[in-house]
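Please examine the sequence together with the model shown below. The paragraphs that follow lead through selected parts of the fold.

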Amino acid sequence: MHGTPHIVSDVMTHTVAAVGRGAAFKEIVQLMQEWKISALPVIEGEGRVVGVVSEADLLPKEEFRDGDPDRCTQLRRLKDLEKAGALTAEQLMTSPALTVHADATLAQAARTMARAKVKRLPVVDALGMLEGVVSRADLLKVFLRDDEEIGEEVRREVVSYLFPPPKSVVLVSVRDGVVQLTGRVRDTALVPVAARLARAVEGVVDVEFDLAPHGGPPEPEEAAAPR
């Protein structure tokens, strides 16, 4: 019923920085600074992604730089202590890498990021070869859709199916991504369905509606003119 949803390839960054397994600690920091990013894919061979190095992987070196942690901290944060002594991307990286395919929907990519609490995902093909990177900011680009474009999709994909004329008359307006449905409908039981489907349209921030049953009490007739 809905139009084709946006997918990762629509919003991802195609030109990306990456490092090999042997990249040195300082090289990794410099690349992150130059590209203004918080994580780098680690690749091998012709570009197969084998891991990711993030700022979180680098910070233990600074955190534990000026002293030895107590025994309790050593046991509790063994992995971080290992990274504090790491010198290369292979020693620092999280592996296997959490990735996404270019044909994944933006909703799927957003769920993956949210569950893993990461800001960026390498985009790979079926063989695991690096194709790009998608970030949280990239996923939010759908909210830049024009109000008129959103309204047209809601009319075409929601209203025309649920509330066809002449028994229903529904007007659609959109302002700053907020959709408003007003008018009269044949079946008010479909209003929650319409709201849910309208919210699923990409770029919609919220849905408001003022829909009354079609065929309410008849309008009072004008008094007949005296003869």
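**A guided reading of the model**

L140 is found in the loop between α8 and α9, the latter spanning residues 147-162. The model is a predicted one. With a relative accessible area of 52%, L140 is exposed, because the threshold for that class is over 50%. Together with F143 and V205, L140 makes a nonpolar surface patch of about 300 Å².

Helix α7 comprises residues 106-116, and its buried residues are L106, A109 and M113. Viewed down the axis of α7, these buried residues fall within an arc of 65°, so they line one face of the helix. The face turned away from that buried side carries the exposed residues A114 and R115.

After α7 comes K117, whose phi is positive. K117 is found in the loop between α7 and β5, and its phi of about 55° occurs although the residue is not a glycine. The relative accessibility of K117 is 72%, and K117 therefore counts as exposed. D176 also has a positive phi, near 55°, and is a residue other than glycine. D176 lies in the loop between β7 and β8, where β8 covers residues 178-185. At 64% relative accessibility, D176 counts as exposed.

The backbone also contains cis peptide bonds. One joins S95 and P96, with omega about 0°; P96 is found in the loop between α6 (89-92) and β4. Another joins P165 and P166, with omega about 10°. P166 is found in the loop that lies between α9 and β7, the strand of residues 169-175.

A further element is an open sheet of 3 strands, in the order β1-β2-β3 and with mixed pairing. Its edge strands are β1 (19-20) and β3, each of which pairs on one side only. Strand β2 consists of residues 39-44; 2 bridges join β1 to β2, and these two strands run parallel. Within the sheet, V19 stands opposite V42 in β2.

Is S54 buried or exposed? S54 has a relative accessible area of 19% and is buried, because the limit for that class is under 20%. Leaving aside residues up to four places away in sequence, S54 touches M32, S38 and A39.

Conventions. Residues numbered from 1 in each chain as written. Predicted model: local features only at pLDDT ≥ 70, side-chain atom pairs only at ≥ 80, totals over all residues. Heavy atoms only, no water. Buried < 20%, exposed > 50% of the residue type's maximum accessible area, 1.4 Å probe, protein only. Helix = DSSP H or I, 4+ residues; strand = E, 2+ residues; numbered from the N terminus. Arc of directions from axis to C-beta. Patch = residues over 30% accessible without salt bridge, like charges linked within 9 Å, V, L, I, M, F, W, Y side chains within 5 Å. Areas by Shrake-Rupley, 256 points an atom, 1.4 Å probe, with all protein chains shown as cover. Salt bridge = Lys/Arg side-chain N within 4 Å of Asp/Glu carboxyl O. Contact = heavy atoms within 4.5 Å. Pairing = 2+ DSSP bridges.
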